[in-house]
Each structure stands twice: as C-alpha cells, then as structure tokens.
Amino acid sequence: MKSVLKIALGIIAALGGFLDIGDIVFTTQAGALYRYDLLWAVVLGTVGIAVYAEMCGRVAAVTGRPVFDVIRMRMGFGLGLVSLLASTFVNVLTVAAELGGLAIILQLLFDAEFSLFVVLAAIGLVVVVALLPFGGIERVFGCCGLMMLVFLATAIHQGPDWGEVAHGFVPSFSDSKLYLYFVVGVFAAALMPYEVHFYSSGAVEEGWDESNLRENRLNATVGYALGGILACTLIVVSGYLFHPIGVDPTDLGTAALPAQGAFGETGLLLALGGIMFCVGGAAIDSSFAASYNLAQFLGWEWGRYRGPRKAPRFTASWLLFLFLAMLIVLSGINPVEITEYSVVLAVVALPLTYFPILMIAGDRSFMGKHANGKISKALGWIYFAVIIILSITAIPLLLMTNGGGG
Amino acid sequence: MRGEGEILVVHRLLDEQILDSEGKRCGRVDDIEFRGSPPRVAALLVGEGLYPRRLPQWLRGPARKLAGPERWGANVLRVPWEEVDRIGSALHLRGKAEELGLGEGDDPERWMVRRLPWN
C-alpha cells in the first residue's frame with residue numbers, strides 16, 4: 001500500500017513538473033488561433049519528454065550521474081561549457097518567465113502593484129524551499145497543481161465536437177509560418193530541458209538506485225502522459241471558447257477564463273490556483289536546474305538534501321539565479337514575451353544536453369544490462385532528429401513571425 | 001593490447017567527479033599528470049587554474065585573463081595517484097577532502113559571516 005502511494009505521489013510530481021507557463025501560454029494561444037489543429041504537436045512533445053526523462057532517470061538511478069555530470073564526462077570541458085552557458089541562459093530566462101507568471105496570478109487574486117508581487121513571489125519561493133525537504137516541495141506543488149483538472153472538467157462540460165477534436169491528433173502542416181512557429185512552440189514547451197535537468201538531479205536527491213527503475217518508468221510514462229492530457233485540454237477549452245470569437249489570449253489570466261465560463265467563480269479560482277502552483281513549482285524546478293547544472297559541471301557539493309551548510313556554493317548560486325530572474329521580470333518585459341523567448345531558445349539549446357544523454361544511456365560500459373534497448377534506442381534517435389530540425393528552424397521562425405505576433 | 005591495471009584514461013578518468021572518503025563532492029579531474037616511460041598516471045590535477053587550457057586555442061588567452069593564475073592565485077591542486085581508492089560511478093579518494101585542500105569553496109567556515117554582532 002505504502003509503495004502504491006509513493007508511486008502515485010511520484011506520478012503526481014511528474015505531472016506537476018510537466019505543466020508550466022510555457023505550456024499554458026503556447027497551448028492557450030494555439031487553441032485560440034488554430035482550434036484543435038495543434039493537438040498532435042502536444043502528443044509529439046509529450047512522447048519526446050517521456051523518452052528523454054526516462055533515459056535521464058535511468059542513467060541517474062543506475063550510475064548515480066545527473067545530466068550535467070554526464071555532459072562534462074562525455075563532452076569534455078570546452079563543449080560542455082558551451083552547453084552549460086546555453087542551458088544556464090535559457091534556465092534563468094525560464095525562471096523569470098515562471099516568476100512573472102506567478103506574479104500575474106497573484107495580482108489577479110489580490111489586486112496590487114505587479115512589481116510588489118514579483119518580489120513577494122521570489123521571497124515566497126525562498127521560504128518554501130527553506131522550510132520543506134526536497135520530496136515535500138515536489139509533492140506539495142504536484143498535488144496542489146491537480147487543481148488544473150478543472151480544465152478537463154471544463155472540456156467535458158463544454159461538450160465540443162469530439163470528432164473534430166480527434167481530427168486534431170492527426171499531424172497536419174500548412175505553409176503558414178505562424179502555424180509552424182506554434183508547432184515548434186507547443187512541442188518545445190513540452191520538452192523544456194530544465195525538466196530533465198531537475199528530474200535526473202531529483203533522482204539523485206532521493207537516492208534512487210536500480211530498484212527505482214520501475215518507478216522511473218511509471219513517472220516518465222504515466223506522469224508525463226497525464227501532463228500531456230492536461231496540456232491537450234488547455235488547447236481544447238481555448239479552441240472551443242476563443243477560436244470562434246477570435247480572441248487572442250495574450251495574457252496569462254485569459255487562460256483561466258474558460259473554467260469561469262463553465263463553473264463560475266469556483267472554476268475561475270481553481271484554474272488560477274492550478275496555474276499558480278504549476279508555475280510556482282516550475283519556478284523552483286527551473287531555478288534548481290540552473291544551480292544543479294553549475295555545481296555538477298564544476299564538481300561542487302550540491303543538493304537540497306545536503307542543506308545550505310554542506311553545499312554553500314550550490315545554495316548561493318540558487319539564490320543568485322533567482323535574484324537575476326527577479327531583475328529580468330522587474331525590468332518590465334512582459335512575462336508572456338519572456339516565456340516565448342525562453343521556450344524557443346530552449347529548443348535551440350536542447351541538442352547539447354540531449355546528445356550526451358543518448359550516448360551514455362546506450363553505453364554498456366556505464367549502464368550494463370540497463371543500457372538502451374531497441375525501442376529506447378530507436379525512439380531516442382528519432383527524437384534527436386526531430387529536435388535537430390526544430391532547433392534549426394526555431395530562431396528563423398521566431399524572427400519571421402515577430403515572436404508569434406504574426 | 002590492454003594489460004591489467006590499464007584503464008581508458010580519457011574515457012573514465014578525465015572530467016570525473018571526485019568524492020572523498022566521506023562521500024563529499026570535492027571537484028572534478030580537470031587534468032592528469034603523467035610521469036615515466038611508458039607514461040603512467042602520477043597525479044590528478046584539480047582547480048580553476050586549469051580551465052583555460054581545456055578550452056580551444058583561440059579562447060585560451062582571454063580565459064587566462066579572466067581566470068588564470070595571475071588573477072586567482074595558485075589555484076591548481078595536485079592529488080597524487082596513491083590517494084585514489086577506486087573508480088566507480090565517481091572517483092573515490094582514500095582520505096578526506098580537507099587533507100588535500102580540495103573542496104574548500106564549500107567550507108562552511110568560509111561562508112559564515114563571523115563579524116556580525118550576533119555571532
């Protein structure tokens with residue numbers, strides 16, 4: 001019984017770790033612009049993150065090595081440093097986006113100055129991290145993030161033409177650059193690199209070994225699949241409500257409106273609460289990812305489980321990254337805009353972390369009998385090809401569509 | 001031919017995480033010192049001062065200016081090969097990090113502000 005609960009909590013944490021401001025912004029806008037047409041891109045991205053996270057979790061459980069340990073080992077100092085700098089830049093931008101999102105939600109709930117909430121949100125995250133142990137942080141945010149299920153209830157309540165919804169799962173392409181930009185955005189939002197940096201370091205934090213491989217498989221498949229379903233419902237509810245009336249949901253609060261339409265004020269509060277915990281959890285995950293990467297690359301002591309006294313450089317760098325992100329948001333750039341840049345730039349940096357993991361997960365000298373099997377190997381290489389194509393097209397599409405502005 | 005006691009030095013040793021006898025993470029193998037003929041691993045080198053020479057040639061000059069020995073002092077530590085206990089999922093040392101001067105950046109004493117009035 002206890003192990004069932006533990007596995008369920010792990011799955012919920014994975015689910016919570018999946019949805020973040022990038023998914024919410026891109027899926028809501030994709031629904032408003034293209035109705036259900038981009039549902040297939042969510043599925044593509046979800047399978048991608050499941051494949052990648054399962055590999056990272058397996059490598060961490062079998063060899064005790066998180067992502068940037070592997071990167072330094074396989075790519076050496078020079079290329080590894082490039083990967084570190086790119087990942088850190090993208091991760092800090094992501095922290096800024098999540099922090100800004102958190103402040104927007106707080107502002108909607110308690111009307112006051114935006115910049116005040118940015119500072120309060122950052123302080124709140126420091127307090128939460130100081131008070132809760134590692135597993136507690138993941139589970140609290142994961143469980144509270146379940147409020148996002150209100151979007152699933154909203155989709156059922158709206159009763160869209162399910163045949164039309166099903167049609168959205170068939171990949172379709174158009175020569176519209178904006179459509180292609182959203183394909184990249186929806187896919188990349190599901191495959192944010194900080195998620196695997198955090199996931200694999202979390203496996204080490206929780207002391208995983210080979211006995212946790214089943215848990216790893218379940219988290220990566222069931223947890224991320226549920227996350228993917230929620231991301232799909234965000235497209236469905238937005239497509240149903242906003243597409244016919246031509247609303248362009250450019251701010252985060254609009255994403256919660258479909259729930260209000262279906263269930264009144266309770267729906268709205270659940271939706272805002274769900275978004276708040278998803279975004280807040282992601283702010284912690286992405287800021288931790290930035291300092292995990294730095295500490296692992298340089299060989300410093302790291303981990304929430306070590307505590308600030310035993311890992312002072314790790315803790316200090318975490319505070320520094322959070323502070324930098326806070327400055328970015330306070331500079332006045334729209335958090336939704338920061339989100340779009342962080343997601344698109346993330347897909348450019350992605351091959352640099354994906355490739356070394358693919359290499360080591362298939363290396364029998366490190367992984368023994370747990371090295372990639374035929375299916376993992378095939379999926380791993382297929383996704384590597386997809387990621388390469390998307391990372392080449394991401395920046396031109398961002399520029400040509402003026403950041404999704406058309 | 002691979003004889004007994006030989007390992008793939010670049011594959012398994014260079015850039016490896018170093019742990020001391022208590023499992024404390026205390027740096028990475030930033031370079032390796034060889035001696036003798038045929039060359040044998042004499043020591044592991046650890047420290048920020050080695051970073052510039054790990055970069056491509058055209059970046060070494062600027063990197064030395066940023067992080068070279070003139071700036072950060074003698075920031076290279078030598079860990080004699082005899083100190084290495086075993087290589088598993090990391091490189092384990094026989095002794096404690098402090099005895100070799102490793103991992104000093106994570107020394108809590110350094111991070112404590114002792115001069116504050118309430119200390």
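In the predicted model, helices H4(A) and H15(A) cross in a left-handed sense. H4(A) spans residues 67-109 and H15(A) spans residues 335-361; the two axes come within 8 Å and cross at roughly 155°. Angles over 145 degrees count as roughly antiparallel, and H4(A) and H15(A) are therefore roughly antiparallel to each other. By class, the residues of this contact comprise 22 nonpolar, eight polar and one charged.

Helix H12(A), residues 257-298, packs against two further helices of chain A, H7(A) and H14(A). Two packed helices are described by the angle between their axes and the distance between the axes. For H7(A), residues 149-158, the axis comes within 9 Å of that of H12(A), and the crossing angle is roughly 165°. H7(A) and H12(A) are therefore roughly antiparallel to each other, and the crossing is left-handed. On the H7(A) side, the contact is formed by Val150(A), Phe151(A), Thr154(A), His157(A) and Gln158(A). These residues meet Pro258(A), Ala259(A), Ala262(A), Phe263(A), Gly267(A), Leu270(A), Ala271(A) and Gly274(A) of H12(A). The contact of H7(A) with H12(A) contains eight nonpolar and five polar residues, and no charged ones.

The packing of H12(A) with H14(A), residues 312-330, has an angle of about 135°, with the axes 9 Å apart. This angle makes H12(A) oblique to H14(A). The crossing of H12(A) and H14(A) is right-handed. H12(A) contributes Ser287(A), Phe288(A), Ala290(A), Ser291(A), Leu294(A) and Ala295(A) to the contact. The residues from H14(A) are Arg313(A), Phe314(A), Ser317(A), Trp318(A), Phe321(A), Leu322(A) and Ala325(A). Sorted by class, the contact of H12(A) with H14(A) has nine nonpolar residues, three polar residues and one charged residue. An α-helix has 3.6 residues a turn, so residues three or four places apart point the same way.

Helix H11(A) covers residues 213-245, a run of 33 residues. From the first C-alpha to the last, H11(A) reaches 48 Å, close to the 48 Å expected at 1.5 Å a residue.

Most residues other than glycine have a negative phi, and most peptide bonds are trans. Arg35(A), a residue other than glycine, has a positive phi near 50°. In chain B, the peptide bond from Ser37(B) to Pro38(B) is cis, with omega near 0°.

Chains A and B are in contact, with 18 residues taken from chain B and 18 residues from chain A. On the side of chain B that touches chain A, at least two residues each are supplied by strand E1 (17-19), strand E2 (25-28) and helix H5 (108-111). E2(B) provides the largest share of this side, three residues. The residues of chain B that touch chain A divide into six nonpolar, five polar and seven charged.

Conventions
Residues numbered from 1 in each chain as written. Chains lettered and ligands numbered in written order. Predicted model: local features only at pLDDT ≥ 70, side-chain atom pairs only at ≥ 80, totals over all residues. Axes fitted to C-alpha atoms, helices over the stretch in contact; angles between N-to-C directions. Helix = DSSP H or I, 4+ residues; strand = E, 2+ residues; numbered from the N terminus. Parallel < 35°, antiparallel > 145°, perpendicular 65-115°, else oblique. Left-handed = near helix turned anticlockwise from the far one by under 90°. Contact = placed C-beta atoms within 7 Å. Nonpolar A, V, L, I, M, F, W, Y, C, P; charged D, E, K, R; others polar. Expected span 1.5 Å × (residues − 1).
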